[in-house]
Amino acid sequence: MTETIKPGKGFKIIAILGLLWNLVGVFFWAAENFMMTEEVKAAMPPERLELMESAPSWGVIVYGIATIGGVLACILLLMRKKGAVLLFLLSLLAIIIQMGYGMFVMKWGDILGPVDAYVMPIIVIIIGIFLYMYSKNNAQKGVLS
């Protein structure tokens, strides 16, 4: 039987903040892909709507993996389970695929401007890296079982 180490003082705070962050991501994913009404579409700038509609269908799946995977990983982190590491890695890979495709292939910067096209995606990637590395570090220390 292996003994788990007690987590540091900020462990729960980081896990809960990560969970909230990823829940916001799931909300945006669901809103953009399943709750977009014709009224909302009509109010959007035409270029932004065209960008959304020209996105590949696999992007919906990758976006879902990134956000739902992050939520599940945070729940496992709160439960102090090693499975969080693998789910954070899967979520991070999906984030990199989604953001990389948007920034470099779809050229979000041409339509969205620098904040939405580059700053936000980089922040999302950094948070994804942090959560993965944090979970991996805690697993190596024996905090996760």
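This is a predicted model: local features need pLDDT of at least 70, side-chain atom pairs count only at pLDDT 80 or more; totals for chains, interfaces and linings use all residues.

## Helix α7

Helix α7 covers residues 114-141, and its 28 residues should span 40 Å at 1.5 Å a residue. The C-alpha atoms at its ends lie 39 Å apart, which agrees with that expectation. Just after the helix, G142 adopts a positive phi of about 95°.

The buried residues of α7 are A117, P121, V124, I125, G128, L131, Y132, Y134, S135, N138 and A139. Their packing partners are α1 (11-34), α4 (58-78), α5 (83-105) and α6 (109-112).

## Nonpolar cores

The largest nonpolar core contains 17 residues, and those with the most contacts inside it are F11, L77, V85, F88, Y132 and L144. At least two residues of this core come from each of α1, α4, α5 and α7. Leaving aside neighbours within four places in sequence, Y132 is in contact with V85, F88, L89 and L92.

Another core, of 13 residues, lies apart from the largest one; A66, M103, A117 and V124 are among its members. In soluble globular proteins, nonpolar side chains tend to be buried together.

## The largest pocket

The largest pocket has a volume of about 1200 Å³. It is lined by 45 residues, of which E32, Y63, Q98, M99 and W108 are the closest to its centre. The elements that contribute two or more lining residues are α1, α3 (46-54), α4, α5 and α7.

Helix α5 provides the largest share of the lining, nine residues. By residue class, the lining comprises 30 nonpolar, 10 polar and five charged residues.

Key:
Residues are numbered from 1 along each chain as its sequence is written. Side-chain values use heavy atoms; hydrogens and water are left out. Helices (H or I, at least four residues) and strands (E, at least two) are DSSP runs, numbered from the N terminus. The expected span of a helix is 1.5 Å times one less than its number of residues. Buried means under 20% relative accessible area, exposed over 50%, partly exposed in between (1.4 Å probe, protein chains only). Contact means heavy atoms within 4.5 Å. On a 1 Å grid over the protein atoms alone, a cavity is a set of points where a 1.4 Å probe fits but cannot get out, and a pocket is an open set with protein on both sides within 12 Å along at least five of seven lines; lining residues have an atom within 4 Å of a point. Grid points are joined across faces, edges and corners, and a volume is the space filled by probe spheres set on the points. Ala, Val, Leu, Ile, Met, Phe, Trp, Tyr, Cys and Pro count as nonpolar, Asp, Glu, Lys and Arg as charged, and the others, Gly among them, as polar. A nonpolar core is a set of buried Ala, Val, Leu, Ile, Met, Phe, Trp, Tyr and Cys residues joined through side-chain atoms within 4.5 Å.
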